[in-house]
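Me: I've got a model open and I'd like to learn how to read it. Can you walk me through a few features?

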Amino acid sequence: MEPLMAVAIGILFAAAIYMMLRRSIVKLVIGLMLLSNAANLLIFSTAGMVRGAPPLVPAGLTAPEGVVADPLPQALVLTAIVIAFGVLSFAVVLVRRAWEIVRADDLDRMKDTDT
């Protein structure tokens, strides 16, 4: 399962870089979204893909019993999802405003404007 995840993450990173190198600003935003998803999958796969119980300590014990899930990668990915959503929302608003002013999707045409 982990080699398959490594290949999928590599494909997502490659697609994200390819989309971000295009001249269209919409493709740039899509590449940014793919890049954040690939990074989230990378965090999950490097943490180890094992099923475990919630890391709760029963009453009277000092440590959880049995195999428990690591909550740190889950917390990191949850935070990354929230940040990526905020960045994506800002980028969509920025693209819309740029379209209203320049009426172009091409980044080279946007570079030539003085507004």
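This is a predicted model: local features need pLDDT of at least 70, side-chain atom pairs count only at pLDDT 80 or more; totals for chains, interfaces and linings use all residues.

Me: Is Asn40 buried or exposed?

Reply: Buried means under 20% relative accessible area, exposed over 50%, and partly exposed in between (1.4 Å probe, protein chains only). Asn40 has 9% relative accessibility, so it counts as buried. You'll find Asn40 in helix H2, residues 25-46; helices are DSSP runs (H or I, at least four residues), numbered from the N terminus.

Me: What does Asn40 contact, leaving aside neighbours within four places in sequence?

Reply: Contact means heavy atoms within 4.5 Å. On that basis, Asn40 touches Val77, Ala80 and Ile81.

Me: Which residues make up the largest nonpolar core?

Reply: A nonpolar core is a set of buried Ala, Val, Leu, Ile, Met, Phe, Trp, Tyr and Cys residues joined through side-chain atoms within 4.5 Å. Here the largest has eight: Ile25, Val29, Ala91, Val95, Ala98, Val102, Ala104 and Met110. H2 and helix H3 (71-102) each give two or more residues to this core, and H3 gives the most, with four.

Me: Which residues are annotated as "transmembrane region"?

Reply: UniProt positions are given in the numbering used here, feature names are shortened, and annotations may be inferred rather than shown by experiment. The unreviewed UniProt entry puts that label on residues 6-21, 28-52 and 72-95. In the model, residues 6-21 are 94% helix and 0% strand, with end C-alpha atoms 23 Å apart.

Methods
Residues are numbered from 1 along each chain as its sequence is written. Side-chain values use heavy atoms; hydrogens and water are left out.
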